[in-house]
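Hi everyone, thanks for coming. Let's take a short walk through one structure together; please have a look at it first.

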Amino acid sequence: MPQEAGLRIEKLSFEHIPQQTRLFLDYLRDSIALRRFYSEAVRYHYDVPSRAERVLAAHQTDRRELCDALERMNRRWKSGDKTLANINLLREADCLAVVSGQQAGLFGGPLYTIYKALSAVKLAECMSQRGLKAAPVFWIATEDHDFEEVATAEFINRDCDLDRVTVPLAMHEDGLPVGRVTLDQTIDARVEKLMRALPQTEFSDDLEKLLRDAYQPNQRYGDAFAQVLAVLTGQYGLILLDPLDAQLKKLAAPLYAEAARRAQEIAAALVKRSRELEQAGYHAQVCASENSFPLFLHDENGARHALTRTGNNKYQAKADGGEHSVEELSAWALREPERFSPNVTLRAVIQDYLLPTVAYYGGSSEIAYFAQTAEVYRVLNRPITPILHRASMTMVERHTWRALERYSIGLTDFFAGPDHVINRVVAEHLGKETSAAFDHTTSTFNSELDALQERLRHVDATLADALEKGRRKINYQIDGLRTRFQRAQVARDEAVHRQLIRGFDLLYPEKTLQERRINITSLLARHGHYVVDWIFDAIDLGSNEHHIVFL
């Protein structure tokens, strides 16, 4: 438990965090109540092993070929002995996989990437302690083509300001999977810029070595990411997987072919499920169409193209204009699976066809996807995988929480915006007397106007209405003056103003949870690899709440 590790942790319900969808909140509240959309939902993580028998019976992939490919990949990424031991464990017919995954973000990606990985590790360890064989696997989404989304690393620099490093978007050819992007000579300068901006500490040399070993010119983008994650999670035995691997493509080919053959049935089921979700008051994460095809077709250069059903029941890619029947596409996918990749509704099904997946850890968007993806599992006669919410955290370093505690400011105050935070600090600390004077003036003024308005109402109701309009204008002016005073008061105390602005950058950067914006290098530079252990210790598999972790 986190408390046993000596960590101070506060928990915050997602109901109090902005920008959460109704579907996500209802799923966290009671996933069993949503079994109409999540037929294999479990209420607690310790219910997951009850699926073991069904998962193992349905797993058809050749484990030897699967694990040979995993071993080859993980050795290339310099994974440790524990990872290789877990791959050998996965070779055994009764071993299950606990899976998570994410795109190949620059320099290891935002913090929630490591949270997802270690959530899978922790459940696998929990299952092992109960006498079950389980290995944690991380699916690197190298087939994704949105390079702009993974080309930037945001971090807190040595001045405690939000900063960023971006690799040139020109190194990505349109439509090419991110995993196929090759780093050019500019990557050295990006690593240099990051290291100059981060604070220089006793951990800086190790961090720079980690990044320079992984992010080198001529290295594949997906491989660089995998090498960083392999080092960070090596002691936990996390198995990394790149779905672009040719051997894995070959193993997935039978399901590619079946999905192509049943494309119309899959599309119709997704449209129906999307309608059901919307009728229940939820949103459909994926825009479904009865003319969609569950696989992308890749051209000779590797760029992917969506296929759409035409009027004569064939499928066409806009790029070449050629039409193909489902029979032709099914045979093609079986013969050359490297020319295809799954779309977002098929991806998880492919993952769980290759792996004996007993559970998947994902975020709010993935939970929404799974409400639709469940129909693809059903059509393809695959056991539906339950999705568990990954660990979610805001890491608060000592200098930050000391400053915030001085002014009685918490994470939820930042959700309300800068004016709210400034108001709190001025009213309760910096300008207490003047703030009280504003309150007294407003209260007294409105009280006197209430009495006057009552007298006017007895004489002429229109006079009372006119007074009400005047009151609103005056109160508006007083509120504006109060806001100007609060800002001026904070501006006079430059140190306080700087602390508040940095608080936003550190904890709620650009009105987003820290875990979605801040790169892992921010913490590695300040705390070294120790922070990975702290994150692991802070994960509570029994909690669906957001954790505020005080370092």
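Which backbone oxygen lies 3.4 Å from a polar atom of the side chain of His172? The backbone oxygen of His145 does. Before going on, a word on the model: it is predicted, so local features need pLDDT of at least 70, side-chain atom pairs count only at pLDDT 80 or more, and totals for chains, interfaces and linings use all residues. Residues are numbered from 1 along each chain as its sequence is written, and side-chain values use heavy atoms, with hydrogens and water left out.

Back to His172, in the loop between β5 (162-166) and α6 (186-197). Helices (H or I, at least four residues) and strands (E, at least two) are DSSP runs, numbered from the N terminus. His172 is buried, with a relative accessible area of 14%; buried means under 20%, with a 1.4 Å probe and protein chains only. Its side chain also reaches the backbone oxygen of Leu176 at 2.6 Å.

Now to strand β7, residues 295-298. Leu295 and Leu297 on one side, and Phe296 and His298 on the other, are all buried. In general, side chains in a regular strand alternate between the two faces of the sheet. β7 pairs antiparallel with β12 (residues 340-342) over three bridges; strands pair if DSSP finds at least two bridges between them. Leu297 stands opposite Phe340 in β12, and its bridge partner in β8 is His305. β7 and β8 form a hairpin with five residues between them, and Gly302 in the turn has a positive phi of about 95°.

Conventions. Buried < 20%, exposed > 50% of the residue type's maximum accessible area, 1.4 Å probe, protein only. Polar contact = N/O pair within 3.5 Å; in protein donor to acceptor, adjacent residues only side chain to side chain.
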